[in-house]
There are 2 protein chains.
Amino acid sequence: MAAQKSKVTIFDVAKASGVSSSAVSYALNGKPGVSEATRAKVLEVARELGWKPNGAAQSLAQSKTRRIGLVLGYDPQLLAVEPYMMSLISGLGAELERKDYSLLVRMSMDHDDEDAIIEDWIATSNVDAMLLLNLEIGDDRIETMKQNPQMPVLAVADASLTAGLPTLASDDAAAVGLAVRHLYDLGHRSIARVAGPEELGHSYIRDAAFSEATTELGIRYRCLHTDYTPASGAGATRRLLSVNPRPTAIIYDNDVMALAGESVAAVLGVHVPSELSIMSWDDSFMCEAAHPGITALNRDIVRSGHMAASLMLKLIDGEDVGVVEEPPYVLKVRESTGPAPADRQA
Amino acid sequence: MAAQKSKVTIFDVAKASGVSSSAVSYALNGKPGVSEATRAKVLEVARELGWKPNGAAQSLAQSKTRRIGLVLGYDPQLLAVEPYMMSLISGLGAELERKDYSLLVRMSMDHDDEDAIIEDWIATSNVDAMLLLNLEIGDDRIETMKQNPQMPVLAVADASLTAGLPTLASDDAAAVGLAVRHLYDLGHRSIARVAGPEELGHSYIRDAAFSEATTELGIRYRCLHTDYTPASGAGATRRLLSVNPRPTAIIYDNDVMALAGESVAAVLGVHVPSELSIMSWDDSFMCEAAHPGITALNRDIVRSGHMAASLMLKLIDGEDVGVVEEPPYVLKVRESTGPAPADRQA
DNA sequence: TTGTAAGCGTTATCAA
DNA sequence: TTGATAACGCTTACAA
């Protein structure tokens, strides 16, 4: 019952219950090959001795680690303040826990690191599957994974970026539609977007969708790229607001930049929403707590984490998962969006 | 060079370079026992074949996993929105990466789980060391770790809570001093605190320090406990502000509650800072972005993560670390604190 | 300096 | 139903 000081092995259990080690293995793993009597005895003794399988030995013997790999890009400022990653981890962790898997986390300092880490994981068999996030256009990692089909991988990205790898896909184009339509209906005809890094795949996808949607509706559209941090979001906002005519609405690619942007507007004396509407891509407590509350594209990221985890477990079991859709975005309207200024309407 | 499809073992390398497997092992691990000539040859061949050590085999042979365990309490709302945990992880991860360690993460659904997970890690030898966070008074985990001295552990907590375990200690009492003094100097004589859960060790420590500091200065002090979430912070604020006489200043135990509290004040028409001063324990972009900006006790959490990681690596090496102090808190004064209302001063 | 062989703690095969 | 015994891939003591 109590954890033992020195490791209890299957041989100790075997000796104590008067059977062989293989009988113990069968019994403990619930496999056929032992009588119910010995099974019961073995289980009893194992519990008594506080036996637990040694992880390394188990991994070696069955070539399974019961670990899922996740690489985090090192940017404390961003990781910590942007709720996305931790929400995803919460969902992942909760689902993995149910199946006795854990999450193995490593940190990459730059983009080359990231590929090096996954190659390391493939070569050392340190994880049973991995998650690919924040894909770039023509990302090295896709090629790496294609060359190592024995390592299950799930990409979380727009399906157009994942080159046929198993994918948990978000429909960003649909979300763009929601956002643009919302602003259009409020009379906005000149909108801007403060986007993430240009090289990120989903920035690219969103860029394209915005261009298309705004062109179709005859809306003037402008896009600035940032590194996702509040500081760069604030900088972009300052630039957008200091040249006339300025846009009547700004959509930010994440919630921290939206919050930072709203502050800038306040400092510049631009009233939200009567002179400027603000929207955020991804919603969190910050959008709710802001004054005025920020209209946002909300999605259930924790749920995505759950889905990602269970898809990876399926992949590990050899199942085919193809492309699965994330829960869709829902527009959460708050006070930061309103009718476009009368003199600027179409 | 390219990662191979089927696993390359040291035997493959041995055969290809015409030596024995032990020679290969010595060569690859930079140990004495082989001539420079064969070492060079082996390294060459290993690189060519794309050999990397199998993690499980290495772990089994040397009883080392190169993994550090971290248990996260499941509360997506809190984990995601509160920057603390992710900041710590960033620091941990960055430091571990330098020493080729990774972070093994599991999620606990409740307090019993947490102890079960660490007992599991001890029994299965799945990690080389573990981190203990959010200790409660009389926490089970302390007892578990005491009974298993072979498993290195580092507690991140006030030293009074860790019963002699190796500790990365924060001086919360000193921080309390900074905060109380700041408000006292501004003329506040009735302050309230919106604290974390009562059972958490550091809530307790802070409670005690606040009581003492305020008593000493003749300040009226009131404390409400919450579960750390914005919603509960908002609720506590509402209660504090709706009974007269209300406090002239509120200190929140984290930044999301401070932000939520500021919103509540705005809604109730209580002006910050002229009618109410607000302070946050722990600082983040949210405190900066708030209007007015929130005065906060700032500390370098990423740095704590770095320290925690390197302390754990020392513990793994059998070094004694004792109690090490975290970087101290620094008071970051912003616009949310000001002189107490004239009619309420001493 | 080199090779043989015995662990590490499991799982799994194959006779008995 | 059982119990030897051979993997799994590496490290390391011991012999050559």
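**Chain contacts**

I looked up the contacts first: 53 residues of chain B are in contact with 53 residues of chain A (C-beta atoms, placed from the backbone, within 7 Å). This is a predicted model, where local features need pLDDT of at least 70, side-chain atom pairs count only at pLDDT 80 or more, and totals for chains, interfaces and linings use all residues. Residues are numbered from 1 along each chain as its sequence is written, while chains are lettered from A and ligands numbered from 1 in the order in which they are written.

I then asked which elements of chain B supply at least two residues each to the side that touches chain A. They are α4 (55-62), α5 (76-81), α6 (83-98), β2 (102-108), α7 (111-124), α12 (255-268) and α13 (285-289). Helices (H or I, at least four residues) and strands (E, at least two) are DSSP runs, numbered from the N terminus. α6(B) gives the largest share of that side, eight residues. By class, I noted 31 nonpolar, 17 polar and five charged residues on the side of chain B that touches chain A (nonpolar: Ala, Val, Leu, Ile, Met, Phe, Trp, Tyr, Cys and Pro; charged: Asp, Glu, Lys and Arg; polar: the others, Gly among them).

**Strand pairing**

I checked β2 (residues 102-108) of chain A: three bridges join this strand to β2(B), and the two run antiparallel. Pairing takes at least two DSSP bridges between strands. A:Leu103 has B:Val105 as its bridge partner.

**Around DNA strand C**

I found 25 residues around DNA strand C (C-beta atom, placed from the backbone, within 6 Å). A:Ile10, A:Ser22, A:Ala57, A:Ala61 and B:Ser22 come nearest. α4(A) gives the most to this surface, with five residues. By class, the surface has ten nonpolar, 14 polar and one charged residues.

Methods
Contact = placed C-beta atoms within 7 Å.
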